[in-house]
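Biologist: I have the file open next to the sequence. Can we go through it together?

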Amino acid sequence: MRLTVAPTPTLRFRRLRKSAALRALAQEHTLSVNDLIWPVFVRDGTNLREPIASMPGVERLSVDQVVKAAEEAAGLGIPAICLFPYTDPAKKTAGCEEAWNPDNLANRAIRAIKAAVPEIAVMTDVALDPYNAHGHDGLVQDGIILNDETVEALVKMSLAQAEAGADILGPSDMMDGRIGAMRAALEGAGYKDVAIMSYAAKYASAYYGPFRDAVGASGALKGDKKTYQMNPANSDEALRLIERDLTEGADMVMVKPGMPYLDIIHRVKTTFGAPTYAYQVSGEYAMIRAAALNGWIDGDRVMLESLMAFRRAGCDGVLTYFAPQAARAIRAGQV
Ligand code: PBG
């Protein structure tokens, strides 16, 4: 870096900041509704919208209300919605059989959305935690999370979701080998055009707390997820995971959580150039919402700034609970 300063400030960076027009011309990155994926929580029943205490503004929706949410999202131009089921504790077992029940809550929601709003892409979560008596993403035996047995279960779950009409499968379990196994099974069963967005670099994060309340997994979970989710102190490992998942047949890759891991997103995008996504997770949402509700920050502006940061870091899109609010703000010209 050159440290000598010219006597007069001929390099006036402020020239391109002097008006909205010049700022617009010089703007490097953009945020559009096309960049948003909306995660929603599904529950049983009809005509129900149940608030989630640790995520103000987010609700668990019965299937009919999820269809309304999908209609709202499509109307706003949001390209995709991602479903997370809140499963009745009575349906949670050690074998997680409900995960591949063709008529489970998630699969019913996929069918209902695809029937009513076929143009919106439906993304799923592929992991056993909503169905697991142990609360873990994989099958548990003697306190150990079994890898290969879990992969077999995830393949069954994936095929049931593809059969229900899912457009994008989102394996969030962090077992080794699941992408290759899922891809082979999808090809074999004729679901050649079902995309996989791998939660490839998913960290063992405390930012998931409100989500586990939302899907009712907090009570069931014994211990932590550190034997399968990544150590927050690692970054080279993230690149190796992304490379592995792309090689095994992932179409899109995700880094999760989002904002505390912008360095990882940037490395992933610059290294592979693959379609790259971030998940702005429940704890990130809760922090922004809580401060906004207290009047400590301007909630809309912080939300938009946080989403632009993902784009600047290299994301093609962001999973965010703010999606409808962000879409409205973008459409109103706030960005
Ligand atoms: C579980 C799953 C989690 C999230 C998405 N899928 C939680 C976890 O790994 O414990 C977190 C999402 C969020 O915090 O918003 N398969």
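Biologist: Is Lys-256 buried or exposed?

Modeller: This is a predicted model, and in it Lys-256 counts as buried, because 24 other C-beta atoms lie within 10 Å and the cut-off for buried is 20 or more.

Biologist: Which strand does Lys-256 lie in?

Modeller: Lys-256 belongs to strand β10, residues 252–256.

Biologist: And what is Lys-256 in contact with, leaving aside its neighbours within four places in sequence?

Modeller: With those left aside, Lys-256 is in contact with Tyr-199, Lys-202, Tyr-203, Tyr-279 and Val-281.

Biologist: What does UniProt list for "active site"?

Modeller: The UniProt entry, which is unreviewed, lists Lys-202 and Lys-256 under that heading. The two are spread over 55 residues of sequence but cluster in space, with a largest C-alpha distance of 4.9 Å.

Biologist: Where is Lys-202 found, then?

Modeller: Lys-202 is in strand β9, which covers residues 195–202.

Biologist: Why does Lys-202 count as buried?

Modeller: Lys-202 counts as buried because it has 27 C-beta neighbours inside 10 Å. Leaving aside neighbours within four places in sequence, its contacts are Ser-172, Met-174, Gln-229, Met-230 and Lys-256.

Biologist: Switching to the ligand. Which residues surround the ligand?

Modeller: Around the ligand are Asp-125, Ala-127, Asp-129, Asp-137, Ser-172, Tyr-208, Phe-211, Arg-212, Lys-225, Val-281 and Ser-282. Of these, Ser-172 is also in contact with Lys-202, and Val-281 is in contact with Lys-256.

Biologist: What scores does the model get?

Modeller: The model has an ipTM of 0.97 and a pTM of 0.96. Average pLDDT for the chain is 96, and 99% of the residues score at least 70.

Biologist: Last topic, helix α11. Which of its residues are buried?

Modeller: In α11, residues 323–331, the buried ones are Ala-323, Pro-324, Ala-326, Ala-327 and Ile-330. They are on the same side of α11, because they cover an arc of only 160° around the axis.

Biologist: What do the buried residues of α11 pack against?

Modeller: They pack against β1 (36–43), α2 (63–76), α10 (299–313) and β12 (317–320).

Biologist: And which residue with a positive phi follows α11?

Modeller: That is Gly-333, with a phi near 85°.

Conventions
Residues numbered from 1 in each chain as written. Predicted model: local features only at pLDDT ≥ 70, side-chain atom pairs only at ≥ 80, totals over all residues. Near = placed C-beta within 6 Å. pLDDT = per-residue confidence, 0-100. Buried ≥ 20, exposed ≤ 12 C-beta atoms within 10 Å, placed from the backbone. Helix = DSSP H or I, 4+ residues; strand = E, 2+ residues; numbered from the N terminus. Arc of directions from axis to C-beta. Contact = placed C-beta atoms within 7 Å. UniProt positions renumbered as here; feature names shortened; annotations may be inferred.
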